[in-house]
Amino acid sequence: MVPALRCIRGACGRALGGFPGGFSSAGRPAPGRSWPLCQGGRPASTRSFDVVVIGGGIVGLASARALILRHPALSIGVLEKEKDLAIHQTGHNSGVIHSGIYYKPESLKAKLCVQGAALIYEYCKQKGISYKQCGKLIVAVEQEEIPRLQALYERGRQNGVQGLRLIQQEDIKKKEPYCRGEEVQCQYVVTCAGLYSDRISELSGCNPDPQIVPFRGDYLILKPEKCYLVKGNIYPVPDSRFPFLGVHFTPRMDGSIWLGPNAVLAFKREGYRPFDFSARDIMDVIIKSGLIKLVFQNFSYGVNEMYKACFLSATVKHLQKFIPEITVSDILRGPAGVRAQALDRDGNLIEDFVFDGGVGDIGNRILHVRNAPSPAATSSLAISGMIADEVQQRFKL
C-alpha cells in the first residue's frame, strides 16, 4: 500500500503544517509531514482537509485508502511525524501474514485477522506483489504443551482458519526434515500462512485508561549457509498468559531466515537498541499504567526474557528444542522492533484491538485506535474497512 500512497503524494506534492486547530507552519517548520491525497478538487498545497489520519503506518495508510475509495469527493490528509512513512511498527515487523489461529473466538483480532489475511492475499494478486504461502508449523516440544496445542487447534477451527490440521511426528519430516520435538509425545498444528514482500498493523471496550507500554523484540538471523535447515514458518505453542507468540523461525522473501523475536520491556517508546533510554518515557509508563503490577506478577518470565536477550547461548538453547543442529556460531544479531502494547492499571495486557471515540466538542470529531499490535499488519485492510464504517456513521459523511 505504501508505494500506491507515495505515488499519490509524489503526484500531488507535499504540504508542511497547515491543519486547523494548531498545526501551523507559520514562522517554523511543522513537527511532522502531511501527505495530501488530492481528493475533492483541492490543490496539493491545501492547508485544510475534510479528514486527517494521524500516523503513516500500515493501519493509518490503509484507513486513508479506504476513505478515499468510499468518499472520493473528500480531501484526505495523512499526518506523520517522521520524515518518511512506515518507520516504526510497520517497518519493523516480521512480514508474516497470520492465519488467525491464536485469538479468542469472536474477538476483533480473530475476526479481522482472518478477514484481513484474505484481503491481503487478494491485494497482493491485484497489485502484482510477490508472496510465498509456505505454511506454518506450531510445534509442541514439551508434554504439557500438548493440551494447549489441541486447544489452539479448536480455537483456529472456531475462528474459521482454513487448511488447519493436526499431524504427527512422522509427517513433520516431510515438511521440515530438521525439525524435532519430544519423541512420541509430539503433535503439530499446520496452518496456512504466508509472507509478502510489500513491507511497509463494532467498537471494543477495555478497562479504563489503558496506557501504551513499549516492548522491544530482537531478531536473530540465521547465516546463509545454514538456511537449508528451515523450509517454512516454525512457531512454538504460545504461552496463553501473554499476547506474544514466542521465538519462532521465519523465512523471508529474500531467502534469509529470521529467528525471534523475544519480548522485553523497552526503556524508550522508540527504543530499538538495548541501551536506548528515556527517563520521561519510562516514568510516564510507571506512573500511568499497571507496569509495576505486571512486573511482579510475571517476574520470572521477564527475567528469563531479559537473560535470553543478553546471552545468545540462552536463545539458541531454546531454538535447539525445534532444530538441534543450530549452534551459536550459526546466528547473527539482527534488527529489532518495538511493539506498542496497551496495559491497564491492574497490570493486564490488553489482548484485543481497541477503538473508541473522544468526548466534548473536539473529542467527538476524533476516532482513536487505542491498541493495534500484531496482527494489525495482517488485519490492516479489514481494520480500515471497520474504521471507514465507523467514521461514516460517527461523522455523518
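Predicted model: local features only at pLDDT ≥ 70, side-chain atom pairs only at ≥ 80, totals over all residues.
**Ground rules.** I number residues from 1 along each chain as its sequence is written. Local features need pLDDT of at least 70, side-chain atom pairs count only at pLDDT 80 or more, totals for chains, interfaces and linings use all residues, and side-chain values use heavy atoms, without hydrogens and water.

**Helix α2.** I took helices as DSSP runs (H or I, at least four residues), numbered from the N terminus. α2 covers residues 58-70, 13 residues in all. From first C-alpha to last I get 18 Å, close to the 18 Å expected at 1.5 Å a residue (1.5 Å times one less than the number of residues). I then looked at burial (buried is under 20% relative accessible area, exposed over 50%, partly exposed in between; 1.4 Å probe, protein chains only). Ten of the 13 residues are buried, so α2 is largely enclosed by the rest of the structure. Among them are I58, L61, L67 and I68.

**Nonpolar patch.** I found M283, I286, I287, I292 and F296 together on the surface, with about 520 Å² of accessible area. Patch residues have over 30% relative accessible area and no salt bridge, and nonpolar side chains are joined within 5 Å. α6 (279-288) and α7 (291-297) each supply at least two residues. α6 gives the most, with three. F296 sits in α7 and is exposed, at 66% relative accessible area.

**K109.** This lysine lies in α3, residues 108-127. K109 is buried yet has no salt bridge (Lys or Arg side-chain nitrogen within 4 Å of an Asp or Glu carboxyl oxygen). The nearest side chain of opposite charge, D352, is 6.2 Å away. I did find the backbone oxygen of E351 at 2.7 Å from a polar atom of the K109 side chain.

Note on methods: Patch = residues over 30% accessible without salt bridge, like charges linked within 9 Å, V, L, I, M, F, W, Y side chains within 5 Å. Areas by Shrake-Rupley, 256 points an atom, 1.4 Å probe, with all protein chains shown as cover. Lys, Arg positive; Asp, Glu negative; His and termini not counted. Polar contact = N/O pair within 3.5 Å; in protein donor to acceptor, adjacent residues only side chain to side chain.
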